[in-house]
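Here is a friendly walk through one protein chain, taken step by step.

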Amino acid sequence: MANPGSTVLASNTLIQVNAVDYLILLVYFAFVLGIGVMASRRVSDSMDFFLSGRSLPAWVTGLAFISANLGAVEIMGMSASGAELGVPTVHYFWIGAIPAMLFLGVVMMPFYYGSKVRSVPEFMLRRFGKGAHLVNSISFAVAQLLIAGINLYLLGSIVHALLGWPLWVALLVAAAIVLSYITLGGLKAAIYNEVLQFFVIVAALLPLTLIGLHRVGGYGGLKDKITSAAGSESAAAEQLNSWPGQSLSGFDSSWLSVVGIVFGLGFVLSFGYWTTNFVEVQRAMASDSISSARKTPVIGAFPKMFVPFITILPGMLAAVLVSEIAQVKAGKTVAGGSSGDGVTYNDSLLLLMRDLLPNGLLGLAIAGLLAAFMAGMAANISAFNTVLSYDLWQTYLVRDKEDGYYLRIGRYATVAATVIAIFTASLAGHFTNIMDYLQTLFGFFNAPLFATFILGMFWKRMTPTAGWVGLVAGTVSAVMVAFLTEDAFGSWSTGTIAVGGQGAAFLAASTAFVVDILLSVAVSMVTQPKPASELVGLVYSETPRDQRTDPNEASYPWYRRTVPLASVALVMVIVLNLAF
């Protein structure tokens with residue numbers, strides 16, 4: 001435990017640190033800014049700034065692929081869900097991530113990379129025309145500003161807890177940190193910092209997990225303490241077994257819970273996020289070949305499947321080791337917390353750090369959290385500035401300018417996004433569990449986009465009109481369902497439909513997917529499709545195999561080939577699902 005007598009902070013701060021912890025933080029920030037300065041020297045045009053010149057090896061983009069997702073929401077949100085729900089939270093990884101990541105690498109990346117598009121919305125432009133492109137570009141840009149706000153809110157909460165500053169001051173300082181290196185070095189600075197941040201995050205959270213497990217007597221001891229706190233065998237079993245996961249889904253029926261998790265989370269939300277979200281796809285697009293692009297999400301799948309052990313498990317430990325979280329779980333109101341408005345599940349990781357880590361390790365853990373939050377926010381902003389510059393500004397507002405003009409627009413967009421994120425950060429404060437808010441946003445934006453993508457990629461008859469109509473209808477239907485269900489959108493929900501928590505997001509996403517598919521098929525049957533000659537590289541049946549594969553990959557050893565690597569990852573995640 002940190003030594004209060006050696007702190008340099010006021011006694012009312014959530015975490016007490018000393019000079020050693022500050023030194024670790026300063027060294028880390030020096031590395032972050034140094035990477036931004038070094039990357040800026042290689043930014044000569046917009047391709048360097050937005051897509052890193054398509055020059056990075058697969059192992060770099062693979063780690064960046066995961067680190068970009070391992071942001072504030074992943075760390076704080078998953079630990080919060082771990083504290084609240086327990087083991088069922090692993091579905092976000094083993095059902096809600098790995099299968100979709102493997103599908104992206106094996107099936108979809110050849111189309112993204114081979115078509116030489118600069119963004120996912122640009123792929124929509126080529127496949128469906130300007131209607132779907134404009135809808136996708138605007139919805140994606142709005143989503144990134146909202147999600148960047150979540151990352152910034154949690155980053156500001158950490159600074160508030162560390163220094164005792166008012167939250168709005170902490171938000172400004174945190175935003176300035178991220179803005180500095182993204183504006184300097186663009187995507188390359190973001191990616192190399194994400195690789196650094198991945199190792200910092202693991203080094204920060206792994207000791208917390210190990211010390212916590214030692215304190216409770218191993219995983220068996222943790223299970224015993226959760227069982228004791230739950231008060232009944234059935235309540236404990238729900239927290240200690242991933243299936244049927246009714247506490248996660250919010251459904252009373254175990255059968256409906258499994259269907260909701262597999263279809264709503266594992267298919268609609270998961271595939272919608274991992275296969276169409278430009279934040280992730282952009283990392284693979286920055287790789288040096290089609291083979292590297294395909295392997296990027298596959299390489300990322302291996303560390304991804306073990307992330308629950310350093311995010312969810314600490315949350316479960318906090319529920320039995322941290323008195324404040326145990327009281328919150330028992331239904332009590334506890335004053336304090338990182339926001340100052342009361343302890344919530346989002347404080348689980350911070351309070352566990354406070355209670356378990358000595359100075360030095362505490363500084364490393366705080367650096368890991370800051371690294372995670374900056375990685376997530378930087379990923380959102382680097383994707384936003386690309387879409388705003390290429391897909392909105394260049395396509396619809398100011399065309400045919402020199403390349404340097406769009407590079408400047410990208411930097412201006414970075415500043416604007418950071419400023420707007422300061423305001424959208426306030427929305428995150430309405431949710432005691434950030435994952436509820438995030439999954440709701442994914443239902444709005446990713447679920448209908450995935451429906452349009454998957455139908456358009458495998459059905460050449462789908463028309464441009466169906467593309468934009470399906471997107472709009474799917475998004476509107478998701479918003480309507482979310483506002484009608486309990487807790488889906490915090491204090492703004494009506495509660496008309498009795499499904500709470502994550503199940504509300506699953507229902508909204510599933511509705512968006514079904515509405516989009518049905519309406520797209522209906523509209524396609526009465527409107528004119530594109531000629532087959534215009535669909536090469538965009539539709540599976542019209543794209544020759546040699547355009548979808550790297551001819552040199554067959555000569556690589558098995559561990560460097562996409563499909564064998566993906567097969568190994570799939571077997572491993574099946575084993576994990578069976579074990580838990």
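This is a predicted model: local features need pLDDT of at least 70, side-chain atom pairs count only at pLDDT 80 or more; totals for chains, interfaces and linings use all residues.

The secondary structure of the chain consists of 24 helices and 0 strands. Of its 580 residues, 61% count as buried. Sequence distance tells its own story here: among contacts between residues at least 6 apart in sequence, 79% join residues at least 24 apart.

The largest nonpolar core has 164 residues, and Y112, L369 and F453 are the ones that touch the most other members. Helix α19 (residues 361-397) gives this core its largest share, 17 residues. If you zoom in on L369 and set aside residues up to four places away in sequence, you will find it touching I75, M76, I158, L349, L350 and M353.

Next, consider how two helices meet. In general, a packed pair is described by the angle between the axes and the distance between them. Helix α6 (residues 98-114) and helix α14 (residues 278-285) pack at an angle of about 75°, and their axes are 11 Å apart. An angle from 65 to 115 degrees counts as roughly perpendicular, so α6 is roughly perpendicular to α14. On the α6 side, L104, M109, Y112 and Y113 take part, and they meet V281, A284 and M285 of α14. What kinds of residue make up this contact of α6 with α14? They divide into 7 nonpolar, no polar and no charged.

Stay with α14 for a moment, as E280 also has its place in this helix. Is E280 buried or exposed? E280 is buried, with a relative accessible area of 0%, and a residue counts as buried under 20%. Leaving out residues up to four places away in sequence, E280 touches F65, A68, N69, Y273 and W274. E280 also lies 8.2 Å from I66, C-alpha to C-alpha, although 214 residues separate the two in sequence.

Q144 is found in helix α8 (residues 130-163), and Q144 is buried at a relative accessible area of 3%. Beyond its neighbours within four places in sequence, Q144 is in contact with N277, V279, N380 and F384. S291 belongs to helix α15 (residues 290-304) and is buried too, with a relative accessible area of 1%. With its neighbours within four places set aside, S291 is in contact with D550, E553, Y556 and T562.

Now try helix α16 (residues 308-321), where a simple length check works well. At 1.5 Å a residue, its 14 residues should span 20 Å, and its end C-alpha atoms are 18 Å apart, which agrees. Because 11 of those 14 residues are buried, α16 is largely enclosed by the rest of the structure. Among the buried residues of α16 are P308, I310, T311, I312 and L313.

Finally, let us turn to a loop. D400 is found between α19 and α20 (403-428). D400 is exposed, with a relative accessible area of 79%. Its backbone deserves a look: most residues other than glycine have a negative phi. Phi of D400, however, is near 60°, a positive value in a residue other than glycine.

Definitions and conventions: Residues are numbered from 1 along each chain as its sequence is written. Side-chain values use heavy atoms; hydrogens and water are left out. Axes are lines fitted to C-alpha atoms, for helices over the stretch in contact, and angles run from 0 to 180 degrees between N-to-C directions. Helices (H or I, at least four residues) and strands (E, at least two) are DSSP runs, numbered from the N terminus. Angles under 35 degrees count as roughly parallel, over 145 as roughly antiparallel, 65 to 115 as roughly perpendicular and the rest as oblique. Contact means heavy atoms within 4.5 Å. Ala, Val, Leu, Ile, Met, Phe, Trp, Tyr, Cys and Pro count as nonpolar, Asp, Glu, Lys and Arg as charged, and the others, Gly among them, as polar. The expected span of a helix is 1.5 Å times one less than its number of residues. Buried means under 20% relative accessible area, exposed over 50%, partly exposed in between (1.4 Å probe, protein chains only). A nonpolar core is a set of buried Ala, Val, Leu, Ile, Met, Phe, Trp, Tyr and Cys residues joined through side-chain atoms within 4.5 Å.
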